[in-house]
Every structure is written in C-alpha cells, then in structure tokens.
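Student: Before we look at anything together, could you show me how to read charged pairs, surface patches and pockets from a set of coordinates?

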Amino acid sequence: MPETATAPFTARIVERLSIGPQSRRERIIHSLDGLEAPVAPSDLSGVGEELWYRVQEEVGTELGPLDFLLGLDAGGILPTVALAHAAALPYKIAWKLHLPLEGAVRFSEPHAMRTDVYAYGIAEGQRMLLVDDEVTTGHTLANLAQSLREAGATPVAAVCLVEDTTRGARELLATHGVTLVSLSTIDSFR
C-alpha cells in the first residue's frame, strides 16, 4: 500500500470493513489518530507547529488576521487543536449536530452516512482557516467554503494532515478560492 511520512507523522490507506454502499471503500489512517499506536503529546505539538509553518509559507500575505480555526468533527479535531496551539488562535468545531444555536451554517459531507454538518457562531466578516485530517475529493470543504461565504464569512485557506492527490481536491478547492495546505500527500488505491 502507498505510504508517506513527514517525521514524526505517517499516513497510509487501508480498506474499510463492514461498510454500507454509500461509504468509501478506503480510509486514510495516520499516526495522530491513535488507531495503531499511542500518540505522544510532543508528536501532536510537532505536527501543529509544522502545519502552522506551512500555512504561513504557502498562504503568505493572503493570510492576514484570523478570527479562529474551524475544524471538522471527528477526524479534524486533533489537527485543529494542534494547529490552534501552535498558532495561538482560538478554534471552533463543526459538528453533525443540528442545535438551536446562533449563527448556524449548514453544509454537506456528501460521502458520509449523516451528510448534514453545522458550524455555529458564524458571523459576517469573520476570517478563518478550515481544518480536517484528510482531504480526498475536496467536496466537503468546498461545500463548507460556499456556505461560509453565503453567511458573509471568509474561509482563507484549508489545512489538512493528508491530501489524496488523485481525486482533484486541490483543483476543486482552488475553483472555490480556497488554497489547500497539506502536511503530506498520498496516492489512493482503487
């Protein structure tokens, strides 16, 4: 299977077992998800620092002031917390929970069992980085970016631990005005 590494971070693709017909057959797993081995706090901190460095290098002057990071639930929580710590920025998490909270922005995660995702406390003029653990097709982040813009907010860039380079996510996000910054890349298998 394909593998990639940026010390101390590693990632690889594995086949998913016991899945429904709507789900993807493969899943990217990585060294921060704690699936195969315990994660040292220093590894999490190191990945956050590397992500923040890459964001500054790749987004450059377009970065400007940020209000917060917006991570996606489940897989995006760890990279969001690591990046928030390294960048000294607050964070929010978008959840698959429909709640009666202010500033709700709904978007879709098309390949998931539960497709509706909500970000709360979103207001006009806010600037943020979008954060997830993996980006494959880019559709979820593109949907999020569009919904945020409709609410008057600005997604400055998207940040991920692992980018699947075979599915066109980077190109799709660019058409939505979102630069993709990834810690590592991987080629999927079919």
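The dialogue below takes salt bridges, then a surface patch, then a pocket.

Tutor: Please keep in mind throughout that this is a predicted model.

Student: How many salt bridges are counted here?

Tutor: The general idea is to look for a side-chain nitrogen of Lys or Arg within 4 Å of a carboxyl oxygen of Asp or Glu, and by that rule the count in this model comes to 9. One of the pairs is glutamate 109 with lysine 96, whose side chains meet at 2.6 Å, N to O. Glutamate 109 sits in the loop between strand S6 (105-108) and strand S7 (116-119), while lysine 96 sits in the loop between strand S5 (91-94) and S6, so the pair ties together parts that are 13 residues apart in sequence.

Student: Are glutamate 109 and lysine 96 buried or exposed?

Tutor: A residue counts as buried under 20% relative accessible area and as exposed over 50%; both glutamate 109 and lysine 96 are buried.

Student: Which residue does arginine 106 form a salt bridge with?

Tutor: Its partner is aspartate 116, with the closest N and O atoms 3.7 Å apart. This pair links distant parts of the chain, since arginine 106 belongs to strand S6 and aspartate 116 to strand S7, 10 residues apart. Arginine 106 is partly exposed at 49% relative accessible area, and aspartate 116 also counts as partly exposed, at 32%.

Student: What are the relative accessible areas of arginine 170 and glutamate 163?

Tutor: These two side chains meet in a salt bridge at 2.6 Å, N to O, yet arginine 170 is partly exposed at 32%, whereas glutamate 163 is buried at 4%. Elsewhere, salt bridges that share partners join Glu26, Asp164 and Arg167 into one network.

Student: Which residues make the nonpolar surface patch?

Tutor: Here one asks which nonpolar side chains have over 30% relative accessible area and lie within 5 Å of one another. Trp95, Leu97, Leu99 and Leu101 make such a patch, of about 350 Å². Leucine 97, in the loop between S5 and S6, is partly exposed with a relative accessible area of 42%.

Student: Which residues are closest to the centre of the largest pocket?

Tutor: The largest pocket holds about 510 Å³ of space, and of its 26 lining residues the closest to the centre are Arg24, Arg27, Lys96, Glu109 and His111. Lys96 and Glu109 are also the salt-bridged pair discussed above. Strand S8 (127-135) and helix H3 (139-150) each supply at least two lining residues, with S8 giving the most, 4 residues. By type, the lining divides into 8 nonpolar, 8 polar and 10 charged residues.

Technical notes:
Residues are numbered from 1 along each chain as its sequence is written. This is a predicted model: local features need pLDDT of at least 70, side-chain atom pairs count only at pLDDT 80 or more; totals for chains, interfaces and linings use all residues. Side-chain values use heavy atoms; hydrogens and water are left out. Buried means under 20% relative accessible area, exposed over 50%, partly exposed in between (1.4 Å probe, protein chains only). Patches are made of residues with over 30% relative accessible area and no salt bridge: like charges are joined within 9 Å, nonpolar side chains (Val, Leu, Ile, Met, Phe, Trp, Tyr) within 5 Å. Accessible areas come from the Shrake-Rupley method with a 1.4 Å probe; for residues, only the protein chains shown count as cover. On a 1 Å grid over the protein atoms alone, a cavity is a set of points where a 1.4 Å probe fits but cannot get out, and a pocket is an open set with protein on both sides within 12 Å along at least five of seven lines; lining residues have an atom within 4 Å of a point. Grid points are joined across faces, edges and corners, and a volume is the space filled by probe spheres set on the points. Ala, Val, Leu, Ile, Met, Phe, Trp, Tyr, Cys and Pro count as nonpolar, Asp, Glu, Lys and Arg as charged, and the others, Gly among them, as polar.
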